[in-house]
Amino acid sequence: MSYMKTMLAGCTALTVLATGAMAQDGETRVIGVSIPAATHGWAGGMNFHAQETVERLEEVYPNLDFVLATASDPGKQVNDIEDMVATRNIDALVVLPFESDPLTPPVQAVAESGAWVTVVDRGLSVEGIEDLYVAGDNPGFGRVSGEYMVSQMPDGGNIVVLRGIPTTIDNERVEGFQSAIEGSGIEIIDMEHGNWNRDDSFNVMQDFLSKHDQIDAVWASDDDMAVGVLAAIDAAGREDIQFVLGGAGMKEMVQRVMEGDDMIPADVTYPPSMIATAIEMTAVGMTSNAPVSGTFTIGSVLITQENAEQFYYPDSPF
């Protein structure tokens, strides 16, 4: 929890709404938790925190049952949610969408059925569906990343960008980044989706390297993608790239920042433990009169060699 306290940069106050219908009355309520499978490091950390939180809260709240499902693609996640509604009659849904567009209709159907909806991280394509939204500061994530790029490239230069999975948060990150570098002389000469995946990013970076003779730096926008990018650079033997900037605070990357690695001089935080915050706040809303509607935003912080030790957790799964 100390990590969360460090990261909190409250964006929107939680809205005070009457939640008497969710007060303790002895009736067992069911909370469905639908998340992507551990397809990359951040998701692996998120899965760890989700499982740990569900196990802990089942002991804390004897009148709550949890249904946790992980999906390796959007279609599987849609089916998981429909099964939760049909077979478990869930009273609340905590969902981290695999992708925004395909998950919007089924989550909207859950909300229209009268169940509580908490959306985490990757927002939906239609605003206002969820009762609670928990996420990192994605525009801030992009802005902090862009500002760092500008600080390290005062004379400008050519960079390539790897985007994540097509989602609202990816759009927000890229828009924040582009705004931060505007007028700096830094030019984005190529940009493709690496899908927050090491192998995909390796392939994308190989393509970038074959197309462009001079690349000054890379915004990988995610630590897993940065791993793939670095592998591609190493395999190609390229020496023109000054540094790679990832993000999310993977312990291996934070360690490299601590050690003064020239290729990984900084990182930007985006904690996977936000899923624990979302599940816990939903449980509170289902068992008390505490107001938990609204938006809960966790700020992004630049990790440098000077402060990296504060963000290094060697026992973390991510």
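User: What makes Arg173 count as lying over the face of Phe141?

Analyst: This is a predicted model, in which local features need pLDDT of at least 70 and side-chain atom pairs count only at pLDDT 80 or more, while totals for chains, interfaces and linings use all residues. Residues are numbered from 1 along each chain as its sequence is written, and side-chain values use heavy atoms, leaving out hydrogens and water. A charge sits over a ring if NZ of Lys or CZ of Arg is within 6 Å of the ring centre and within 35 degrees of the ring normal. Arg173 is 4.2 Å from the ring centre of Phe141 and lies over its face. Arg173 also lies over the face of Tyr270, at 4.3 Å from that ring centre.

User: How many aromatic pairs are there by the rule? Why is the pair of Phe141 and Tyr270 given its label?

Analyst: Rings of Phe, Tyr and Trp (its six-membered ring) pair if their centres lie within 6.5 Å; planes under 30 degrees apart are stacked, those over 60 are edge-to-face, and the rest are tilted. The rule gives four aromatic pairs. For Phe141 and Tyr270, the centres are 5.8 Å apart and the planes 80 degrees apart, which makes the pair edge-to-face. Phe141 belongs to helix H5 (residues 138–152), and Tyr270 to the loop between strand E10 (267–268) and helix H10 (274–287), so this pair links distant parts of the chain, 129 residues apart. Here helices (H or I, at least four residues) and strands (E, at least two) are DSSP runs, numbered from the N terminus.

User: Are Phe141 and Tyr270 buried or exposed?

Analyst: Buried means under 20% relative accessible area, exposed means over 50%, and partly exposed lies in between (1.4 Å probe, protein chains only). Phe141 has 1% relative accessibility and therefore counts as buried. Tyr270 has 2%, so Tyr270 counts as buried.

User: Why is the pair of Phe177 and Trp219 called stacked?

Analyst: The ring centres of Phe177 and Trp219 are 4.0 Å apart and their planes stand at 5 degrees, so the pair is stacked. Because Phe177 lies in helix H6 (residues 168–181) and Trp219 in strand E8 (residues 217–219), the pair ties together parts 42 residues apart in sequence. Both Phe177 and Trp219 are buried.

User: Which residues touch the most other members of the largest nonpolar core?

Analyst: A nonpolar core is a set of buried Ala, Val, Leu, Ile, Met, Phe, Trp, Tyr and Cys residues joined through side-chain atoms within 4.5 Å. The largest has 96 residues, and Ile31, Phe66, Met149, Met205, Val218, Val244 and Ile279 touch the most other members. H10 supplies the largest share of this core, seven residues. At least three residues come from each of domain 1 (2–136 + 272–299) and domain 2 (138–268); such domain bounds come from an automatic or database domain assignment. Contact means heavy atoms within 4.5 Å. Leaving aside neighbours within four places in sequence, the contacts of Val218 include Met149, Met205 and Val244.

User: How far apart are the centres of domain 1 and domain 2?

Analyst: Taken over C-alpha atoms, the centres of domain 1 and domain 2 are separated by 30 Å. Their contact takes 14 residues from domain 1 and ten residues from domain 2.

User: Why does the radius of gyration of the protein agree with that of a compact globule?

Analyst: The radius of gyration is taken over C-alpha atoms, and the globule rule is 2.2 Å times the number of residues to the power 0.38. For 318 residues, a compact globule would have a value near 20 Å; the protein has 20 Å, so the two agree. Buried residues make up 55% of the 318 residues.

User: What is the phi value of Asn195, and what is that of Trp196?

Analyst: Phi of Asn195 is near 60 degrees, a positive value in a residue other than glycine. Trp196, another residue other than glycine, has a positive phi near 55 degrees. Asn195 is in the loop between strand E7 (186–193) and helix H7 (198–211), and Trp196 lies in the loop between E7 and H7. With a relative accessible area of 27%, Asn195 is partly exposed, whereas Trp196, with 3%, is buried.

User: Why is Glu172 given its accessibility label?

Analyst: Glu172 has 30% relative accessibility and therefore counts as partly exposed. Glu172 lies in helix H6 and touches Asn138 and Pro139, not counting residues up to four places away in sequence.
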